[in-house]
Amino acid sequence: LSLQAYERRFPTCPLIPMFVASDTVNEYKSEDDAIHVIERRCKLDIDAPRLLKKIAGVDYVYFIQKNSLNRRERTLHIEAYNETFSNRVIINEHCCYTVHPDNEDWTCFEQSASLDIKSFFGFESTVEKIAMKQYTSNIKKGKEIIEYYLKQLEEEGITFIPRWTPPVACKLERSTSHTRRPVSPAINIPDSAAKEGLNNKEILNTSSSPPEPTAGTPDDKLDADYIKRYLGDLTPMQESCLIRLRQWLQETHKGKIPKDEHILRFLRARDFNIDKAREILCQSLTWRKQHQVDYILDTWNPPQVLQDYYAGGWHHHDKDGRPLYVLRLGQMDTKGLVRALGEEALLRYVLSINEEGLRRCEENTKVFGRPISAWTCLVDLEGLNMRHLWRPGVKALLRIIEVVEANYPETLGRLLILRAPRVFPVLWTLVSPFIDDNTRKKFLIYAGNDYQGPGGLLDYIDKEIIPDFLGGECMCEVPEGGLVPKSLYRTAEELENEDIKLWTETIYQSASVFKGAPHEVLIQIVDASSVITWDFDVCKGDIVFNIFHSKRAPQPPKKDSLGAHSITSPGGNNVQLIDKVWQLGRDYSMVESPLICKEGESVQGSHVTRWPGFYILQWKFHSMPACATTNLPRVDDVLASLQVSSHKCKVMYYTEVIGSEDFRGSMTSLESSHSGFSQLSAATTSSSQSHSSSMISR
C-alpha cells in the first residue's frame with residue numbers, strides 16, 4: 001500500500017513546491033509483473049538566491065531518478081543523481097522501502113545521500129548550505145507526504161492491495177478455498193545507512209488497525225498494553241529497533257539478557273542508532289559479567305566507614321514518581337573516604353547505588369502504573385570547600401562518572417544541585433567535560449536559598465517529603481557525613497596489597513622546607529583570570545604558605561656548591577627561586593595574605609589571577625616569635641638546619657592551572673543552564689579582581 005502511495009507523487013506533487021515536473025525516459029516490466037523499473041527526469045526549482053541562479057545561468061536543475069519495484073521481494077529502491085552541473089557537483093541519493101520482518105503491516109523506510117562539491121564559481125559554501133537545507137526539508141516532509149497519499153487511497157476505498165503471486169500460484173490459490181494469505185519471509189534490514197553522507201529512517205504503519213505481535217516476536221511483548229505499561233510512548237521505528245536489538249542479543253549473547261527497559265536506555269542514549277547502541281550495550285554486558293555487577297546487591301556489603309560517613313541515601317520519590325536520591329556532598333569527606341577505603345571501594349559502592357536505583361525504578365513502575373526508567377538526584381552543596389578539590393578525590397569522581405555514563409545511560413532523570421557556593425565553579429570546570437551533553441541538560445543549579453523560590457524545589461518534589469535540613473518537615477535518614485577519623489586512614493601500600501592503587505603516587509610531589517630555605521614552585525600565567533589551584537599536606541613541622549607575583553622570571557636554580565639554591569634530601573626536594581637581592585614590593589609582590597599551616601593539616605585552595613606573569617607558590621618554615629630573627633645567610637642557615645631536625649618540615653603538594661578560556665567556557669555552560677547560579681559564576685570569573693580561597697582540615 002505504501003508503494004502504491006509513493007507512485008502518486010508523480011508526475012508532480014503539490015506538497016513539494018520545488019518539484020515542478022517529471023518525464024518518463026525509460027521503463028521496464030518483467031513478464032510476470034514482479035519487476036517494474038521506471039526512470040524519470042525530474043525538474044526542480046531550487047530555492048536559491050537569484051544572483052546565484054543568474055551566475056550559474058539556470059533557472060531549474062534536473063535530476064535523474066530510477067525507481068526499482070520488486071513485488072516478489074516486496075521492496076522499492078530509489079536512486080537519484082543530478083544531471084545539471086554534474087561536472088561540478090555530485091549528488092547521490094538512495095531510498096529504500098521494505099516490509100518489516102516482524103510485522104508485515106509495517107513499512108520500513110531508509111534514506112541516505114552524499115554530496116561532493118568540486119567547484120561552483122566560488123560559491124561552494126553557499127551551494128552546500130542550500131543542498132543541506134533542501135535535503136533536511138525533504139526528510140521532514142517525506143513521512144507527511146506518504147501519509148497524505150495513504151489517506152487519499154483510504155478515502156477512495158483502497159485499504160488493502162493483494163500480495164503479488166506467481167501465475168502458477170494464482171491458479172492453485174483459486175482452486176483452494178481455504179488457502180491462507182501467504183506470509184513473507186523475514187527480510188534483513190540494514191542496521192544503518194551508508195557510513196558516509198546523510199541518513200534517515202522511518203517506519204510507517206499502513207494498517208488501519210493497531211499492529212498485533214506476530215508469533216515470532218520475542219516473548220510476544222509487542223502488544224500496546226505492554227508498551228504503554230512498561231516502556232512508554234514509542235514510535236514504530238523505536239519499537240522496531242528494540243525488537244531487532246533484542247533478537248540479536250538472544251541469538252548471539254551468552255548470558256543474562258537485559259530487560260527491555262534497560263535495552264531502551266542504550267538505544268535512547270544513541271538516538272536509536274542500532275549499531276552504536278549495540279556496541280556500547282555489548283561493552284556494558286561484558287563489563288557487568290567481568291565484575292559480577294548483577295550480584296553486587298546480594299553479595300557485597302559496604303564497609304562500615306561508608307555506612308557511617310558516605311552522606312547519601314534514597315529518600316521517597318519526586319512528583320513524577322522517580323526514586324529520589326539525596327547526596328549531601330558538602331558534608332562528605334571525600335578525601336577521608338579515599339584515604340580510608342581507596343578508589344575501588346568507592347566505585348563499587350556507587351555501582352550498588354545505581355543497581356538499587358534500577359530496582360526501585362521497576363518497583364515504582366508497578367506502583368504508579370506507568371513507565372519509570374530514571375531517578376532524580378538531589379545534591380546539597382552546603383559546606384563544599386577546597387577540601388573537596390583534593391586531586392585524588394576529583395580523579396576518583398571523574399572515573400566514577402566515566403563508568404556510570406558508560407553502563408547506566410539515561411538513568412538520571414533530573415539533577416537538582418542546591419546551595420552551590422563560590423568554590424563550585426572550580427569543581428564544575430574540572431568535572432563538566434566528562435559529563436555527556438544530554439546529561440548536562442538535566443542539571444538544575446541553585447545558589448544560596450534560590451531553591452526556595454519560584455521554579456525551585458517545590459516544582460519537582462512534594463512539600464511533605466522535602467528533607468528537614470533543607471527547611472522541610474520530613475526527617476531524612478541520610479547520614480550526615482563528617483570528617484573520617486585519620487585513625488582509619490590506610491597507607492598506599494596497604495591499599496596496594498588489595499589491588500587498589502591511589503592516584504596520589506603519580507601526581508603528588510614531596511618537598512623539604514628548612515629554616516631559612518623555603519620551597520618554591522614557579523607557575524607562568526599567560527592569560528589573566530586563569531585559576532591556580534593547590535592541594536598539600538603538611539607531613540612534618542609548621543609552615544607558612546605564600547603566593548607572590550613577578551613580572552619577570554626568576555633566575556633558574558644554580559647547582560654550584562657555593563650559591564646552591566636547589567637541595568635534594570632523602571625527604572624530598574627543596575627549590576628556591578626568589579633571589580636574595582630581590583626586594584618585596586619592587587621585584588615581586590604578595591598577592592595573598594600568608595597562611596600558617598600546622599603539622600598534620602590538609603590545605604586546598606585556589607587563586608583567580610589578576611595579571612599575566614610569573615606566580616611563585618612558597619612553603620616557608622614557620623618560626624616561633626622568639627626565633628623570628630636571624631642574621632645567618634640563607635645557605636648557612638640551610639647547612640645548620642640539616643643538623644637540626646627540628647628545623648625541617650615536609651610537605652606533599654600538587655598544583656594545577658585551569659586556563660582562562662576553559663574556566664570561562666565552563667562558566668558559560670553553567671550560565672546557560674536553568675539555574676540561579678549565573679550571577680555567582682559571573683562574580684567568580686570576573687577579571688577585574690583576584691580571588692582566592694583556601695580551606696584547612698584537621
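Leaving aside neighbours within four places in sequence, Thr609 touches Ile525, Asp527, Ala528, Ser529, Ser530, Ile532 and Tyr615, where contact means heavy atoms within 4.5 Å. Thr609 sits in the loop between strand 21 (602-608) and strand 22 (613-621), and with 0% relative accessibility it counts as buried. Buried is under 20% relative accessible area, exposed is over 50%, and partly exposed is in between (1.4 Å probe, protein chains only).

This is a predicted model, in which local features need pLDDT of at least 70 and side-chain atom pairs count only at pLDDT 80 or more, while totals for chains, interfaces and linings use all residues. Residues are numbered from 1 along each chain as its sequence is written, and side-chain values use heavy atoms, with hydrogens and water left out.

**The chain as a whole**
- The protein chain has 20 helices and 24 strands; these are DSSP runs numbered from the N terminus, with helices (H or I) of at least four residues and strands (E) of at least two.
- Of the 698 residues in the protein chain, 47% are buried.
- Take the contacts between residues at least 6 apart in sequence: 76% of them join residues at least 24 apart.
- The accessible surface of the protein chain is about 35900 Å², with 50% of it on carbon and sulfur atoms (Shrake-Rupley method, 1.4 Å probe; for residues, only the protein chains shown count as cover).

- Strand 3 (residues 61-70) runs antiparallel to strand 4 (residues 75-82), with 8 bridges between them; strands pair if DSSP finds at least two bridges.
- That hairpin has 4 residues between its strands, and Arg74 in the turn takes a positive phi of about 60 degrees.
- On its other pairing, strand 4 is joined to strand 5 (residues 89-99) by 7 bridges, again antiparallel.
- Here the hairpin has 6 residues between the strands, and Phe85 in the turn has a positive phi of about 55 degrees.

**Aromatic pairs**
- The count comes to 15 aromatic pairs, using rings of Phe, Tyr and Trp (its six-membered ring) with centres within 6.5 Å; planes under 30 degrees apart are stacked, over 60 edge-to-face and the rest tilted.
- Phe10 and Phe19 make an edge-to-face pair, 6.0 Å centre to centre with 80 degrees between the planes.
- Trp287 is in helix 8 (residues 274-291) and Tyr408 in the loop between helix 13 (391-407) and strand 11 (412-420), so to speak distant parts of the chain, 121 residues apart.
- Trp534, Phe536, Phe545, Trp619 and Tyr653 form one aromatic cluster.

**Charges over rings**
- The charged end of Arg40 sits over the Phe10 ring, 3.8 Å from its centre (NZ of Lys or CZ of Arg within 6 Å of the ring centre and within 35 degrees of the ring normal).
- Arg229 lies over the face of Tyr230, 5.1 Å from the ring centre.

- The peptide bond from Phe10 to Pro11 is cis, with omega near 5 degrees.
- Phe272 is not a glycine, yet has a positive phi of about 60 degrees; this residue is buried, at 11% relative accessible area.
- Glu410 also has a positive phi, near 55 degrees, and at 25% relative accessibility counts as partly exposed.
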